[in-house]
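Subject: Handover of a structure and notes on it

Dear colleague,

Please find the structure below, followed by an account of what was found in it.

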Amino acid sequence: MTTRAPLLSARGLKKSYGGVQALRGMDIDLAEGEIHGLCGENGAGKSTLVKILGGFVTPDDGELGIAGQIVPLGRPVDPALLSIVHQELSIIPHLSVIDNVMMGARDVRALYRRGPFRAHVRQTLDAVGLQHVPLDLLAEKLTLAERQLVEIARGIARGARVLLLDEPTATLSDGEIEKVFAVLRRLKSENATTIVIISHRLNEIFALTDRVTVLRSGRHILTADTADLTSDALVRAMIGHEVKTGEIAPSHARVGVAPRLALKDWSLPGRFAAPDLSVQPGEIVALVGQLGSGADMLLESLAGLKPGTRGTLSLDGTEATPRSIPEAYAAGIAYVSEDRAARGVFLDAPIGTNLVSQVLGRVSRAGRVLPSAVTALATELAQSFAIDPARLPHEVSTLSGGNQQKVSLGKAVALGPRLLLLNEPTRGVDIGARSEIYARLRALAERDAMTLLFYSTDLEEVLEASDRVITFYRGAMVRDAARAEVDADSILHDILHGPDEVAA
Ligand SMILES: Nc1ncnc2c1ncn2[C@@H]1O[C@H](COP(=O)(O)OP(=O)(O)OP(=O)(O)O)[C@@H](O)[C@H]1O
């Protein structure tokens, strides 16, 4: 693998944003028909590298060659040569699926007629597991996972020789991830496509890639054959030291006190029916299931996001069924969305402003916001969520994806909710910061007796962060068990097959 002539070769790439050096002289070679993983902490420079390779960001210095040609930097590269599947989805909701796939394609001229492309786009959608999605469906009807698959289809439809995927699996369930991986493996073996994938999930890197490159603080740290690496060695290269993960969290639920959350007859007809559930103060509960299984919808319904939900929700013994996010906030329920760009953060506002935006009362006196109070509270929140406090005055859009996620978390925690609901809590967060965030969430449960419910498709996260695991299959609960009583196999069995009598 390492001896083949590179299809793509980049040398000495440098990029600074103001005082931030995103890349400090990065080299990378990609062979034809390899799957190459890019690993590194949040802010290491992975997305910047990918955007430079795609011509979306102009570097301050460096050279790029693809298929033996020098490619001018800072201009979008021919999509038949190289396509990027971006981290933040670029699907346009009010366009149809076919238009989203064809957008920007070389064959599309000023007079765009869909007819000639229908068969090709259909075939591409089928290949990424979207057989059920009609070509003319408006993209706004798609789930987040389906949008991600349309993005991948867009790259494939152009026949790109190099496909760059920036965290393509962050919003997908295990079944969907497997489908995407099967597509990527086929592209590699049948078309000799070169694929670069950024992922914070190390099991994916090991399952899929031939080689791995690690970046740290904008520098190239190593490139190696994946088979020659261990997980520990990879983590050490990424963060410069060991990280402790995988400990079983002790249960800190307060027993003998009234439940924090009690649900009675809670259901969304036709979608899911929750058991009559009660959750104690200080308990951390993972809701696990495929997208659409009910686990995800249950979480959203508790935040008032699912109109039509029936039943009653009580907090500390008082009925507080929310019908909207503002009602949820008023009742002491905070929600962290999985779609941080659309619903998690204000991208154009400073990081500090974002962090305190829900609690202006805490940083104001006589109706006036006190800048010193904003700075003090924002600094405290930034520190506890591993965000660099020096960057508080900068816009959230200048942060890397994982660091934006930390802002989204800090903003919700600032509310000091009694019930904190988290949808994919550490989506895109690197492995080191993830452990810090779990410790912080654990402290909120333990010290402040906050109750946390989270939905996650990441089983490592479920096992590391929860006290209790509730699994769902096709709209119904399968199991409600203490964390110590389940493992990855039993959870997978539940969410893929349901209870045994369903599987039989
Ligand atoms: N448009 C921008 N303006 C200012 N700073 C930026 C901009 N884009 C990126 N940066 C900074 O450059 C550095 C590298 O960011 P990049 O997005 O490449 O990291 P990453 O490795 O992809 O991180 P993540 O894993 O969180 O996605 C970060 O410090 C980031 O804040």
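The shell around the ligand draws at least three residues from domain 1 (6-239) and at least three from domain 2 (280-503); the domain bounds come from an automatic or database domain assignment. The model is a predicted one, in which local features need pLDDT of at least 70 and side-chain atom pairs count only at pLDDT 80 or more, while totals for chains, interfaces and linings use all residues. Residues are numbered from 1 along each chain, as its sequence is written.

In total, 19 residues surround the ligand, and the closest are Y17, A22, S47, S400 and G402. By class, the shell has five nonpolar, 12 polar and two charged residues. In this scheme Ala, Val, Leu, Ile, Met, Phe, Trp, Tyr, Cys and Pro count as nonpolar, Asp, Glu, Lys and Arg as charged, and the others, Gly among them, as polar.

Next come the two domains themselves. Their centres, taken over C-alpha atoms, are separated by 28 Å. Domain 1 gives 22 residues to the contact and domain 2 gives 19, where two residues are in contact if their C-beta atoms, placed from the backbone, lie within 7 Å. On the side of domain 1 that touches domain 2, the elements giving two or more residues are α4 (144-157), α5 (174-191) and α7 (231-239). That side has eight nonpolar, nine polar and five charged residues.

What lies inside? The largest nonpolar core has 74 residues, of which L287, V288, L420, L421, L452 and L453 touch the most other members. A nonpolar core is a set of buried Ala, Val, Leu, Ile, Met, Phe, Trp, Tyr and Cys residues joined through C-beta atoms within 7 Å. A residue is buried if 20 or more other C-beta atoms lie within 10 Å of its own, exposed if 12 or fewer, and partly exposed in between, with C-beta atoms placed from the backbone. A second, separate core of 66 residues includes A157, L164, L187 and L215.

Which residues of helix α16 (residues 488-497) are buried? They are I491, D494 and I495. These residues are on the same side of α16 because they cover an arc of only 85° around the axis, the arc being that of the directions from the helix axis to the C-beta atoms. Their cover includes β14 (284-288), α15 (459-465), β22 (468-473) and β23 (476-482). Just after α16, G498 takes a positive phi of about 75°.

Two further backbone angles deserve attention. Most residues other than glycine have a negative phi. A366, however, has a positive phi near 50°. A366 is placed in the loop between β18 (364-365) and β19 (368-369), and is exposed, with 5 other C-beta atoms within 10 Å. A449 is not a glycine either, and has a positive phi of about 55°. The loop that holds A449 runs between α14 (431-447) and β21 (451-455); with 17 C-beta neighbours inside 10 Å, A449 is partly exposed.

Yours sincerely

Definitions and conventions. Helices (H or I, at least four residues) and strands (E, at least two) are DSSP runs, numbered from the N terminus. A residue is near a molecule or strand if its C-beta atom, placed from the backbone, lies within 6 Å of it.
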